[in-house]
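Here is a short briefing on one protein and its ligand. Keep the structure open as you read, and find each residue as it comes up.

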Amino acid sequence: SKKLYTRSSLKKIGVMGGTFNPIHYGHLATAEAVRNKYDLDKIIFMPSGTPPHKSKKEIIDKKHRYNMTMIATMSNTYFEASDIEIKREGMTYTVDTLEELKRIYKNSQIFFITGADALCDIDSWKYLEKNFELATFVGATRPGIECDEVNQKINQLKQKYDANILNIYVPSLDISSTDLRNRIKKIESIKYLLPENVEKYIYKNNLYR
Ligand code: ATP
Ligand code: MG
């Protein structure tokens, strides 16, 4: 039988990494904007196991961060949550994740999505050059992160590593997990800043108190 024409066998897979402590509309809106702009086949939300760049004490159990990520991504058919990083022993390095994804999705182009803040800190990443070989990076603007600084950084990385880096302006949502955790501690409302079912999960499990 005749093979149906498909757009391309090369799948475009977005990866949204984060601590997701907790996940919020800033993460979701960024991922959706990137998916839409670059016509990605799906976005994998990847809660990190033990991130090397963050202080441990405020990070709640990965099981809860993963559950919240699952719940938050359910309503978008293009989104899914992955436990690849939370299952891996030791520190979480993106390079290990990208290699694993390349093994799983053999014929794919991986788009690794980061906020502008993460892009500015990228020099500290393990095997940075290898990261750029494995994936196209997408830097998303984030409120409060200077644009000139980010553009400069992108140009520098392109020159030094021959990196593929795209820059996208997403609707500014001035939401951060840090702010959400603080609000919860102070018993302030977090409504409309993250999905309602994630909010419920947080209260039900008494998180961030
Ligand atoms: P924390 O305040 O604990 O650092 P966070 O809100 O920055 O949490 P992370 O899990 O650290 O969330 O972020 C994961 C990724 O999402 C990072 O690349 C970050 O830059 C990006 N990101 C987070 N919040 C936003 C936002 N409001 N708009 C755009 N990108 C965001
Ligand atoms: Mg952060």
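The model shown here is predicted. Asp-162 sits in the loop between α7 (147–161) and β6 (165–168).

- Asp-162 has a phi near 55°, a positive value in a residue other than glycine.
- Asp-39 is also not a glycine, yet its phi is positive, at about 55°.
- Most residues other than glycine have a negative phi, and most peptide bonds are trans.
- Asp-39 lies in the loop between α1 and β2.
- Is Asp-39 buried or exposed? Asp-39 is exposed, with 8 other C-beta atoms within 10 Å.

**A cis peptide bond**

- The peptide bond from Asn-21 to Pro-22 is cis. Its omega is near 5°.
- Pro-22 belongs to the loop between β1 and α1.

**The overall fold**

- The protein has nine helices and six strands.
- Its radius of gyration is 17 Å, close to the 17 Å that the globule rule gives for 209 residues, so the protein is as compact as a globular protein of that length.
- Along the principal axes, the C-alpha atoms fill a box of roughly 55 × 50 × 35 Å.
- Of the 209 residues, 36% count as buried.
- Take the contacts between residues at least 6 apart in sequence. Of these, 79% join residues at least 24 apart.

**The nonpolar core**

- The largest nonpolar core has 41 residues.
- Which residues have the most contacts inside this core? They are Val-15, Ile-110, Phe-111, Phe-112 and Ile-113.

**Helix α4**

- Helix α4 covers residues 94–104, and its buried residues are Thr-94, Thr-97, Leu-98 and Leu-101.
- An α-helix has 3.6 residues a turn, so residues three or four places apart point the same way.
- What do the buried residues of α4 pack against? They pack against the strands β1 (11–18), β2 (42–47) and β4. They also pack against the helices α3 (84–87) and α6 (128–134).

**Ile-84, in helix α3**

- Ile-84 is part of helix α3.
- Ile-84 is partly exposed, with 17 other C-beta atoms within 10 Å. That count falls between the two limits, because exposed means 12 or fewer and buried means 20 or more.
- Ile-84 touches Met-46, Thr-97 and Glu-100, leaving out residues up to four places away in sequence.
- Ile-84 and Met-46 are 38 residues apart in sequence. Their C-alpha atoms are 7.3 Å apart in space.

**Two serines in loops**

- Ser-48 is in the loop between β2 and α2 (62–73).
- Ser-48 is buried, with 24 other C-beta atoms within 10 Å.
- Ser-48 is in contact with Gly-17, Gly-18, Thr-19, Glu-85 and Thr-92, leaving aside neighbours within four places in sequence.
- Ser-48 and Asn-21 are 27 residues apart along the chain, and 9.9 Å separates their C-alpha atoms.
- Ser-172 is in the loop between β6 and α8.
- Ser-172 is exposed, with 12 other C-beta atoms within 10 Å.
- Ser-172 and Tyr-66 are 106 residues apart in sequence and 25 Å apart in space, C-alpha to C-alpha.

**Around ligand 1**

- There are 18 residues around ligand 1. Gly-18, Gly-26, Gly-115, Ser-177 and Thr-178 come nearest.
- Which elements give two or more residues to this shell? They are α1 (25–38), β4 (108–115), α5 (116–120) and α8 (177–185).
- The largest share of the shell comes from α1, with three residues.
- The shell divides into five nonpolar, 11 polar and two charged residues.

Conventions
Residues are numbered from 1 along each chain as its sequence is written. Chains are lettered from A and ligands numbered from 1 in the order in which they are written. This is a predicted model: local features need pLDDT of at least 70, side-chain atom pairs count only at pLDDT 80 or more; totals for chains, interfaces and linings use all residues. A residue is near a molecule or strand if its C-beta atom, placed from the backbone, lies within 6 Å of it. Helices (H or I, at least four residues) and strands (E, at least two) are DSSP runs, numbered from the N terminus. Ala, Val, Leu, Ile, Met, Phe, Trp, Tyr, Cys and Pro count as nonpolar, Asp, Glu, Lys and Arg as charged, and the others, Gly among them, as polar. Two residues are in contact if their C-beta atoms, placed from the backbone, lie within 7 Å. The radius of gyration is taken over C-alpha atoms; the globule rule is 2.2 Å times the number of residues to the power 0.38. A nonpolar core is a set of buried Ala, Val, Leu, Ile, Met, Phe, Trp, Tyr and Cys residues joined through C-beta atoms within 7 Å.
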